[in-house]
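Here's a walk through this structure, one stop at a time. Keep the model open and follow along.

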Amino acid sequence: MDNCTPASTFLTDSLELELKTEWCNPPCFSCDFDNRGGGKHFSGESYLSSGALKRVILNLDPLPTNFEEDTVELFGIEWVTETALVNSSRVLFHLFRQQLYNLETLLQASCDFGKISTLHCKAHNIRQLCVTFLHYVKVFIFRSLRVHNAESHVPVHPYETLEAQLPSVLVDELHGLLLYIGHLSELPTTNTGAFVNQNHTKLYPPSWHLLHLHLDIHWLVLEILHMLGEKLKQVVYSHQFMNLAGDNLTNVSLFEEHCENLLRDLINLSLNRYDKVRPSEALMSHHCPCPCIKELWVLLIHLLNHRSKWSLSESFWNCLNKLLRTLFEKSNDQRRSVLTVQPRDPLGFSWWIITHVASFYQFDRHGTPDEMRQMESNWNFVEELLKKSISVQDGILEEQLRMYLHCCLTLCDFWEPNIAVVTILWEYYSKNLNSSFSISWLPLKGLTYIIKSPLAMVEMVKTCCCDKQGLDLYKSSSSYTIFLCILAKVVKKAMKNNGPHPWKQVKGRIYSKFHQKRMEELTEVGLQNFFSLFLLLAAVAEVEDVASHVLGLLDFLKPTFKTSPLIWKGQMAFLLMYTQKNLDIGVLAEKFSNAFREKAKEFLVSKNDEMGQRQTLWTLLSIYMDSVQEVFETSHCLHPSHEKLLNDGFSMLLRACQETELRTVLNFLQAVLARISMLCEVLSCSGCVSFQALTVRSWIRCILQMYVKNLHVPDDSFIDINPEQAVEKDYMEQLTELTRLLFNLSEVKNIFSKSQVEYLPIPEDPKKALVRFFEAVGITYGNLQTFSDKSAMVTKSLEYLGEILKYIKPYLGKKVSSAGLQLTYTMMGILVKSWALIFATSKAQKLLFRIIDCLLLPHTVLQQEKELPAPMLTAIQKSLPLYLQGMCIVCCQSQNPNAYLNQLLGNVIEQYIGRFLPASAPVLGLGQHPVLLALKNSASVPPMSLLKKCIAHVIRKSYFEFKGSLLPPRLASILAFILQLVKETNTDVTEIELLLPGVLKCLVLFSEPQVKRLATENLQCMVKACQVGSGGEPAAQLTSVFRQFIEDYGMRYDYQLYSILEAVAALDQQVVIHLVPALTQSLKDSERKWGLGRNSAQREAYSKLLSQLGQVGQDEIQRLENDHVESIL
């Protein structure tokens, strides 16, 4: 049609008259408009966009600027505007029908490319003539038709007589016109080709023009009949026709009859399209073949609802419902009389058509969509459909039910809330909770058979609560899920409008269906549906009330379900929902964490060969950890109730974890720490310090076990690889991040602050960080003053370590990792030394004993004939000084002197002095012997004095208590060890007193050059050391040693003895001078023993020694001579 720019439909009638001063083409149906942008719904020439509908409803002049001239051209003939319809109504309608016939004859012409333009113009002109005439009728009725008093007997003009008959004539002619054009659905051209949305050539076939002219006629007849009634305010009877009931035809009955026929035609057109619609595409496939049909639906909605307000007609929904109900009639005759197309699925079609037509209520009288517009509902009929949809008489197919409920959900979005809908549906689903509601050929995308996690359950519920659902809901969700969407939407809307009362209604209906027997009947799928339902109720209403009710109902479940992962997922989902609603989680946290503790305990005592049980338990524990992590990460702020989620179940879990499980726990700790580190002050005040200790323990374990994975190799060979390569990059990054987060904990910061150990704000090496931490703890303990503080610190320190020996146990098995052993022995050595004061307490000493027994004195070490693995021996050699220093400090500081601890120290020294001695004495000494290094690297005098004394005791017992003259193995090496000990440490007289007898014994008994040399050097060093220690005065202990030496060996090894003492005399005459009485007595005893008189050779050797002692020696020589003379005399 020719374009005409209408004035704004919101202008008043007077303004429109001023603006519109030229003839405009009357409105008509047209789908010939550009809608490529998607924002335009109807043509500018449409009855809606042009304001024609508004003018009819408001009883305004239909076309204020048209037909204002004295004459009007109709069908090519000039007529007097104000009298033409009265004088020539039948002629005009005859001409109208003739033009219709002319248009119909054009259908027979061939529409090839060469003729389409000509045919289009002819058809267009014919349609323009017909539409213009019908609009003229409307304008004539509004402007020119006068109401006559039928009871008046005053003679009237013949024109007035004709004018009084015009309303009846119009009813006759309009009825005849409708009979002539027939039903819209019966047009042979009502096929897809006749409905066109876009045609860029703007050339249409005659079929298109005929179809749209029929639409114009059908609608304009209704407008004319409506205007006739509005104008006359009385019923107009037909002169020629009667209706189907045998009554005279009136304008009202014709309006209702035509309206019903028109709706029937529209239904038939929709049925033609429905047969090609799949259930999954029902809401995406519209029932209108073109915008003109859509406009006709909107026009009928507005006109019928307007008339129903004044009781002139039934409302639109009532008219439509009446026709749709006939689809369900059992009599085929009745259905055939109503519809020309038989529906394959009356129920599905009814849902489909109702849903799409309901969407038309968003269009106002101007055809403008307004989503905020209040839409008139049709719930009564929909409730009927719902009851039919869930009727079990014929069986219910899930694929159909999904479509029905998707339509129902869409209607819930359009209309006011209706609790009855929820009630009807719940009656069905409450009986079928154990159904999976699946379609065999269509996998579900959104709701899988078993939901994977608590968070997924909450997210699924959130999706159900969304205001807008996707059009692919059919494929992505089951009918049960769609029911949940309906439930959420209805309850939310109802509570918004009417407060809590609707929720109480729904709650009562739903709660009443669950009791002990029903809970016992639930299967795994039923339980999942149960949780989905109550989680949704919690999301839209009272979460505390719902959660409490659910926890009570779960007690009714079968015992086999008590440990179901689904139970844990459902419960934790409620915890997440509490968190998201920022509610206090205290009650739920306590209940769930207690269950977690019990499962962690079972996991701890479970055996590795019970893999099925362990896997079941681990699944539950993983659900808990994932959910708690989500709680911490999504909480707006942390409260004391969060502490309840982090109980000692984690400490049991850590002790039981294997490698892969440990990494999961590590991830958990990392995530929770990241959240806690920002709010640690709040948690510290709330008593969550225990969790910080637990975190430190986990961190220590993760560092100690960083090489555990490398033990899992197929053979028993040693594993000796670069430590940096032995740890996976990902694991190391995780560990570094965990270290960074841990160093932000208030407890850790506090320890570093008190110890004044350098704090690493961004620690890059977890191993170095652990060393710093051990040192800081030890120093912090040493700085404490009160007994209560020290006791608390010991307890806390032991919490940090936990079952630390279990963490390192994998490294001590058959599979050997050099990196793992090196890490283990070094870290534990640092621990023993740094925490020596802590281990000195009775509370911590047991752990120290276990550490020494496990690492330094295992059974393999005690078996001297068995060689230790080289990597283990290397690790011990590098770390032994740390253990020895720490043990000595413990021995010195122990609260209760412990003989066993001293014995342990002696055993360790005894084992490893020999293991690290070479077979023969090295030329350059034993500078790298770990026992000697322990003495070198310590500045603590009392503990080191104890260590030297213990070393001396061990050497004396283990190496100098030999019998006979057979050379003991590695004697030269131990002498070299003693020599270095005396040279490089401040050896006092006490240690010399223990070692010198053995050295002297070696000098007397063995003549092997190396032994002789080393023993002599030892003797010299010891004498010098005693000189330094005694301030130049002979040490009483040294004199005592030599005196005992003379007593033991003087009679048998006199010559060796004198030679040794000569060497001593060269260093310190006073020592030997003090021995002169003992030497002289030994000489006399020897001579007396042998009974041979004076032993000249021995006396000569003795005199040689005495000659080196100055005057004292000369006096003793003279005395011996005098004794000899006296004996002769």
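Let's start with the largest pocket, which has a volume of about 1200 Å³. This is a predicted model, so local features need pLDDT of at least 70 and side-chain atom pairs count only at pLDDT 80 or more, while totals for chains, interfaces and linings use all residues. Residues are numbered from 1 along each chain as its sequence is written, and side-chain values use heavy atoms, with hydrogens and water left out.

Rolling a probe the size of a water molecule over the atoms shows where empty space is left. Here the search runs on a 1 Å grid over the protein atoms alone: a pocket is an open set of points with protein on both sides within 12 Å along at least five of seven lines, whereas a cavity is a set of points where a 1.4 Å probe fits but cannot get out. Grid points are joined across faces, edges and corners, and the volume is the space filled by probe spheres set on them.

Who lines this pocket? The lining of the largest pocket takes in 34 residues, and M375, T410, D413, F414 and K468 lie nearest the centre; a lining residue has an atom within 4 Å of a point. The elements giving two or more residues to that lining are α11 (346-359), α13 (398-414) and α17 (479-498). Of these, α17 gives the most, with six residues. Helices here are DSSP runs of H or I with at least four residues, strands are runs of E with at least two, and both are numbered from the N terminus. Sorted by class, the lining has 13 nonpolar, 10 polar and 11 charged residues. Nonpolar covers Ala, Val, Leu, Ile, Met, Phe, Trp, Tyr, Cys and Pro, charged covers Asp, Glu, Lys and Arg, and the others, Gly among them, are polar.

Now take α11 by itself. This helix has 14 residues and reaches 20 Å from its first C-alpha to its last, close to the expected 20 Å, where the expected span is 1.5 Å times one less than the number of residues. Since 14 of the 14 residues of α11 are buried, the helix is largely enclosed by the rest of the structure. Buried means under 20% relative accessible area, exposed over 50%, and partly exposed in between, using a 1.4 Å probe and protein chains only.

How about the cysteines? A disulfide is a pair of cysteine sulfur atoms within 2.5 Å, and by this rule the count comes to zero. The sulfur of C290 has its closest cysteine sulfur in C292, 4.0 Å away and too far for a bond. For C408 that closest sulfur is in C412, at 4.3 Å, again too far for a bond. C290 is buried at 3% relative accessible area, and C408 is buried at 0%.

F75 has a phi near 55°, a positive value in a residue other than glycine, and is found in the loop between β1 (71-74) and β2 (77-80). F437 has a positive phi too, near 50°, in the loop between α14 (419-429) and α15 (454-465). F75 is buried at 10% and F437 is buried at 4%.

Last stop: P1077, in helix α49 (residues 1076-1090), counts as exposed at 55% relative accessibility. P1077 and R1043 are 34 residues apart in sequence, with their C-alphas 9.7 Å apart in space.
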